[in-house]
Amino acid sequence: MSERLRVGILGGTGMVGQRFIALLENHPWFEVTTIAASPRSAGKTYEEAVEGRWKMDTPMPEAVKQIVVMNVNEVEAVASQVDFVFSAVDMTKEEIKKIEEDYARCEVPVVSNNSAHRWTPDVPMMVPEINPGHMEVIEAQKKRLGTRKGFVAVKPNCSIQSYAPVLTAWKEFEPVEVVATTYQAISGAGKTFQDWPEMVGNIIPYIGGEEEKSEKEPLRIWGQVKNGQIEPATSPVITCQCIRVPVLNGHTAAVFVRFAQKPTKEQLIEKLRNFSGEPQKLGLPSAPKQFIQYLEEDNRPQVALDVDYEKGMGISVGRLREDTVYDYKFVGLSHNTVRGAAGGAILCAELLKAHGYIG
């Protein structure tokens with residue numbers, strides 16, 4: 001590709017916005033040319049706007065330091081500078097819905113990390129390895145919005161990444177009932193330990209709205225496209241508890257599964273190791289070569305050892321064994337701000353570009 005697409009980051013000063021900027025450094029297809037944020041950051045260089053608040057463990061890319069931050073609410077001005085945008089804005093749900101559709105109506109594709117449009121029937125919510133076919137609802141969405149190329153696409157919640165791909169790999173064995181407890185990192189709240197010292201040595205057994213998302217969003221991902229909308233699946237039944245734990249990056253899930261067709265442990269492991277999707281087939285730049293790894297050791301996966309598997313874009317699974325109440329249980333791990341947030345959205349954008357929706 002001779003020229004990279006011009007990318008805007010909406011909400012570029014927050015933690016997920018920073019993760020977008022870090023991951024897009026030297027991207028072969030995309031170049032960050034525009035950063036938009038709240039009016040209080042507008043007019044400052046990016047370096048000035050996030051002074052003392054850079055939360056990544058890699059240095060701020062030199063290429064973005066002198067970009068002058070724009071006001072995210074000046075939609076037409078921002079839209080005129082970009083080919084598409086990633087959205088990580090910090091607003092109310094209704095404000096996010098409106099501003100993302102405003103950008104789309106300015107003929108700018110929007111790939112969002114936010115939850116506001118995850119249940120809009122004609123907005124695809126994608127894990128690219130699982131449901132790339134949901135892209136086809138974009139044409140119905142464009143008709144609704146009255147656009148030629150503007151649309152909104154979203155990625156799902158970070159908490160489901162450590163078990164929804166696993167259950168997808170086992171689809172032929174018909175999971176019918178799932179109990180999951182997620183142990184979620186503080187960066188999922190946009191925090192570091194410096195910001196949130198009370199999390200050191202602490203566990204908080206509540207994350208607002210997270211359990212409903214964790215139970216319902218996989219069903220939408222597994223749903224079918226009908227009449228220009230996504231119709232969610234009705235099974236398996238999922239119940240979930242979500243707990244905040246003193247870890248910076250990495251969401252762990254302890255999961256129990258009951259199947260209609262009981263497989264062997266060996267069959268389940270084989271399905272995990274062989275599971276891949278369209279990103280692997282297309283060789284997309286951010287796609288992990290091995291999407292899911294299975295670890296044989298009793299004490300894996302561990303955040304300290306495994307969260308960065310496949311540069312944070314892969315899923316690690318271990319401790320698969322038969323259960324006395326359900327059929328099987330396992331532990332899954334995913335990087336919540338890479339695969340679960342910015343990296344997952346970048347992979348969605350790569351898939352959309354490969355299929356001609358972004359250009």
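Reader: Which parts of the structure cover the buried residues of helix 1?

Author: This is a predicted model, and helix 1 takes up residues 15-23 in it. Eight of its nine residues are buried, so helix 1 is largely enclosed by the rest of the structure. The cover includes strand 1 (5-10), strand 2 (30-37), helix 2 (46-49), helix 3 (62-65), strand 4 (84-87) and helix 12.

Reader: And which residues in helix 1 are buried?

Author: To count as buried, a residue must have under 20% relative accessible area. In helix 1 the residues that pass are Met 15, Val 16, Gly 17, Gln 18, Arg 19, Phe 20, Ile 21 and Ala 22.

Reader: Which residues is Cys 348 in contact with, leaving aside its neighbours within four places in sequence?

Author: Good one to check on the structure! Cys 348 and Ala 153 are 195 residues apart along the chain, yet their C-alpha atoms are separated by 8.3 Å. Leaving aside neighbours within four places, the contacts of Cys 348 are Val 111, Met 126, Pro 128 and Lys 155.

Reader: How far apart in space are Arg 6 and Val 32, C-alpha to C-alpha?

Author: Leaving aside neighbours within four places in sequence, Arg 6 is in contact with several residues, including Glu 31 and Thr 33. Val 32 is 26 residues from Arg 6 in sequence, but the distance between their C-alpha atoms is 6.2 Å.

Reader: Where does His 117 lie, and what is its relative accessibility?

Author: His 117 is in the loop between strand 5 (110-112) and helix 6 (138-145). Beyond its neighbours within four places, its contacts are Lys 97, Glu 100, Glu 101, Val 123, Val 152 and Val 154. His 117 counts as buried, with a relative accessibility of 2%.

Reader: Which residues have the most contacts inside the largest nonpolar core?

Author: In soluble globular proteins, nonpolar side chains tend to be buried together. Here the largest nonpolar core has 56 residues. Apart from this core lies another of 43 residues, among them Val 69, Phe 86, Ala 88 and Val 111. Inside the largest core, the residues with the most contacts are Tyr 103, Tyr 163, Trp 170 and Phe 330.

Reader: Why is the protein chain described as being as compact as a globular protein of its length?

Author: The secondary structure comes to twelve helices and 14 strands. For 359 residues the globule rule gives 21 Å, and the radius of gyration is close to that, so the chain is as compact as a globular protein of that length; the radius is 20 Å.

Reader: What percentage of the residues in the protein chain is buried?

Author: Residues 24 or more positions apart account for 76% of the contacts with a separation of 6 or more. Of the chain's 359 residues, the buried ones make up 58%.

How values were computed: Residues numbered from 1 in each chain as written. Predicted model: local features only at pLDDT ≥ 70, side-chain atom pairs only at ≥ 80, totals over all residues. Heavy atoms only, no water. Core = buried A, V, L, I, M, F, W, Y, C linked by side-chain atoms within 4.5 Å. Buried < 20%, exposed > 50% of the residue type's maximum accessible area, 1.4 Å probe, protein only. Helix = DSSP H or I, 4+ residues; strand = E, 2+ residues; numbered from the N terminus. Rg over C-alpha atoms; globule rule 2.2 N^0.38 Å. Contact = heavy atoms within 4.5 Å.
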